[in-house]
Amino acid sequence: MTERHTPPTSGITFPTKVDAWLLLVIAGAFVATIASVYAAYRTDPAEARVALLVIGASWALVAALCVPCYYTLAEDQLIVRGGILRYRIPYADITDIAPSREIWAAPALSLQRVKISHGRFEAMLISPRERERFITELEKRVQAASGVKPSSRALYFDPDDLVATLVGLVVGWG
């Protein structure tokens with residue numbers, strides 16, 4: 001059974017980056033659900049048992065979609081693993097690689113993400129722990145597979161930079 005959850009041995013595997021604030025939100029939600037079940041148990045034990053089953057199933061689903069989470073640069077494709085889901089993106093299909101902070105649902109446990117455009121209109125958001133190294137390694141493989149370097153990394157726009165610049169202008173730092 002443990003064999004299913006180990007990353008592939010060939011290629012380079014990058015674990016997901018996990019934001020501390022996300023861990024706090026998850027821990028807070030878990031504590032709140034347990035506290036609400038306990039409060040319900042004190043007034044209606046039968047209702048609390050049903051609530052515990054529903055909440056337990058919900059947490060199991062979240063865990064099944066999040067654990068394990070990693071990204072493997074295999075010989076000819078990027079393998080994205082998010083819990084029970086696995087995506088395979090051939091390097092030759094990748095058209096763009098860029099840092100991102102998009103908040104859309106994705107197999108990523110951080111907002112420091114990488115947006116990988118592939119196919120005609122598809123994109124995948126991931127959050128490797130070593131983002132710059134991952135981008136560099138992926139760009140090498142994409143260029144070797146397609147002969148073309150992915151395009152818009154130089155066009156990356158970080159909203160945090162804009163906020164810092166605007167605050168600096170308003171406060172008079174810059």
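Is Thr72 buried or exposed? Here are some friendly notes on that residue and its surroundings.

1. **What you are looking at.** This is a predicted model, in which local features need pLDDT of at least 70, side-chain atom pairs count only at pLDDT 80 or more, and totals for chains, interfaces and linings use all residues. Residues are numbered from 1 along each chain as its sequence is written, and side-chain values use heavy atoms, with hydrogens and water left out.

2. **Thr72.** To take up the opening question, Thr72 is buried, at 0% relative accessibility. Buried stands for under 20% relative accessible area, exposed for over 50%, and partly exposed for what lies in between (1.4 Å probe, protein chains only). Thr72 sits in strand E2, and its side chain makes a polar contact with the side chain of Thr13, at 3.0 Å. A polar contact here is a pair of N or O atoms within 3.5 Å; within protein, one must be able to donate a hydrogen and the other to accept it, and residues adjacent in sequence count only if both atoms are side-chain atoms. From C-alpha to C-alpha, Thr72 and Arg88 are 9.6 Å apart, with a sequence separation of 16 residues.

3. **Overall fold.** The chain has 4 helices and 7 strands, in the order β-α-α-β-β-β-β-β-β-α-α from the N terminus. Both kinds of element are DSSP runs numbered from the N terminus: helices are H or I with at least four residues, strands are E with at least two.

4. **Burial, contacts and surface.** Of the 174 residues in the chain, 32% are buried. Take the contacts (heavy atoms within 4.5 Å) between residues at least 6 apart in sequence: 48% of them join residues at least 24 apart. The accessible surface comes to about 11100 Å², and carbon and sulfur atoms account for 64% of that. These areas come from the Shrake-Rupley method with a 1.4 Å probe; for residues, only the protein chains shown count as cover.

5. **Phe30 and Trp59.** The model holds 3 aromatic pairs. Rings of Phe, Tyr and Trp (its six-membered ring) pair if their centres lie within 6.5 Å; planes under 30 degrees apart count as stacked, over 60 as edge-to-face and the rest as tilted. Phe30 and Trp59 are edge-to-face because their planes stand at 80°, with ring centres 5.5 Å apart. Phe30 is partly exposed at 43% relative accessible area, and Trp59 is partly exposed at 23%.

6. **Tyr71 and Phe134.** Another edge-to-face pair is Tyr71 with Phe134, at 6.4 Å centre to centre and 65° between the planes. Tyr71 lies in strand E2 (residues 69–73) and Phe134 in helix H3 (residues 131–146), 63 residues apart. Tyr71 is buried at 0% relative accessibility, and Phe134 is buried with a relative accessible area of 0%. Together with Phe14, these two form one aromatic cluster.

7. **Cysteines.** How many disulfides are found in the whole structure? The search finds 0, with a disulfide taken as a pair of cysteine sulfur atoms within 2.5 Å. The closest cysteine sulfur to that of Cys66 is in Cys69, 7.2 Å away, so it is too far for a bond. Cys66 is partly exposed at 27% relative accessibility, whereas Cys69 is buried at 12%.
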